[in-house]
Amino acid sequence: MIRLGALFTDHLNLNGDLGNVSVIQSQLAWRGVDSEIVKIESLSQLSQPLDFLFMGHGSIAAWADIESKLEAMLPQIESLIGAGLPALAISTGFEALAKRALFADLELSKLPARVSKFEVIEDGPHEVLGYLNTDVNLPLITRKANFIGCMLHGPVLAKNPELLDEVLLAICSRAGLELPPIQSKEKADQLAGLIHEVWVLEKELASE
């Protein structure tokens, strides 16, 4: 059973970014791999065995509610990421981690004005599509070991199959499994068609 940890799900889901974890779980199910989503809101819960960790985006008020709990957990989160646990952090979740020593090479600074727009970025041989809504100057996508920090909403994994496959491969490797293909060709073709439609629409919006 693959265990997908999700931090503070009631607070860090402002733009539906918890959908990234649902996408992972659905993809694993379509490939015949069992998984469960584990809600994490304390240091003791963070200490249980995990194959993946997700930190989403939250409002100022949401972060204020969890600030003390999260502060106690951040050293352990940093340690897990440093040790290679597959992880994804979105927008302000990524910002919270960017202040840690593990990411000392990143320069976190305020932008003159908030940026809100659809964005398509180069990511190696692929493009990544999502919605950018931020007032800080962080790379739109960053990797460190099996960690991915991303400033794009969406949820980003639902729109970007290459990025999703990268995460799925890391999770399965962590669990000692090979990533099987989607068992239904009909399902795979349907997903490809839907993702294509999203790209056509949002790439046009990104060019405006």
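This is a predicted model: local features need pLDDT of at least 70, side-chain atom pairs count only at pLDDT 80 or more; totals for chains, interfaces and linings use all residues.
Visitor: What is the radius of gyration of the chain?

Guide: The chain's secondary structure comes to seven helices and nine strands, and its C-alpha trace spans about 45 × 45 × 30 Å along the principal axes. The radius of gyration is taken over C-alpha atoms, and the globule rule is 2.2 Å times the number of residues to the power 0.38. For 208 residues, a compact globule would come out near 17 Å, and the chain agrees with its own 17 Å.

Visitor: How far does α1 reach from its first C-alpha to its last?

Guide: α1 has twelve residues, and 16 Å is expected for it at 1.5 Å a residue. Just after α1, glycine 32 takes a positive phi of about 80°; α3 is likewise followed by a glycine with positive phi, glycine 84, near 100°. The reach of α1 is close to expectation, at 16 Å.

Visitor: Is valine 23 buried or exposed?

Guide: Valine 23 lies in helix α1, and its C-alpha sits 22 Å from that of leucine 46, 23 residues apart along the chain. The cut-offs are under 20% relative accessible area for buried, over 50% for exposed and partly exposed in between (1.4 Å probe, protein chains only). Of the 208 residues, 46% count as buried. Valine 23 has a relative accessible area of 18%, so it is buried.

Visitor: Which element gives the largest share of the lining of the largest pocket?

Guide: On a 1 Å grid over the protein atoms alone, a cavity is a set of points where a 1.4 Å probe fits but cannot get out, and a pocket is an open set with protein on both sides within 12 Å along at least five of seven lines; lining residues have an atom within 4 Å of a point. The largest pocket has 24 lining residues, with Trp63, Thr92, Glu95, Ala96 and Lys99 nearest its centre. Two or more residues each come from α3, α4 (92-98), β5 (110-123) and β6 (126-136). The largest share, six residues, is from α3.

Visitor: What is the volume of the second largest pocket?

Guide: Its lining has 15 residues, of which Gln27, Pro161, Leu164, Leu191 and Ile195 lie nearest the centre, and α7 gives the most, five residues. A volume is the space filled by probe spheres set on the grid points, which are joined across faces, edges and corners. The largest pocket has about 590 Å³. For the second largest pocket, the volume is about 310 Å³.

Visitor: How many nonpolar residues are in the lining of the largest cavity?

Guide: The search finds one cavity of 30 Å³ or more, and its lining includes Leu7, Phe54, Ile77 and Phe147. Ala, Val, Leu, Ile, Met, Phe, Trp, Tyr, Cys and Pro count as nonpolar, Asp, Glu, Lys and Arg as charged, and the others, Gly among them, as polar. The lining has no polar and no charged residues, and its nonpolar count is eleven.

Visitor: What is the relative accessibility of alanine 145?

Guide: Most residues other than glycine have a negative phi, and most peptide bonds are trans. Alanine 145, in the loop between β7 (141-144) and β8 (147-150), has a positive phi near 55°. Serine 91 also has a positive phi, about 50°, and counts as buried at 1%. Alanine 145 counts as exposed, with a relative accessibility of 61%.

Methods:
Residues are numbered from 1 along each chain as its sequence is written. Side-chain values use heavy atoms; hydrogens and water are left out. Helices (H or I, at least four residues) and strands (E, at least two) are DSSP runs, numbered from the N terminus. The expected span of a helix is 1.5 Å times one less than its number of residues.
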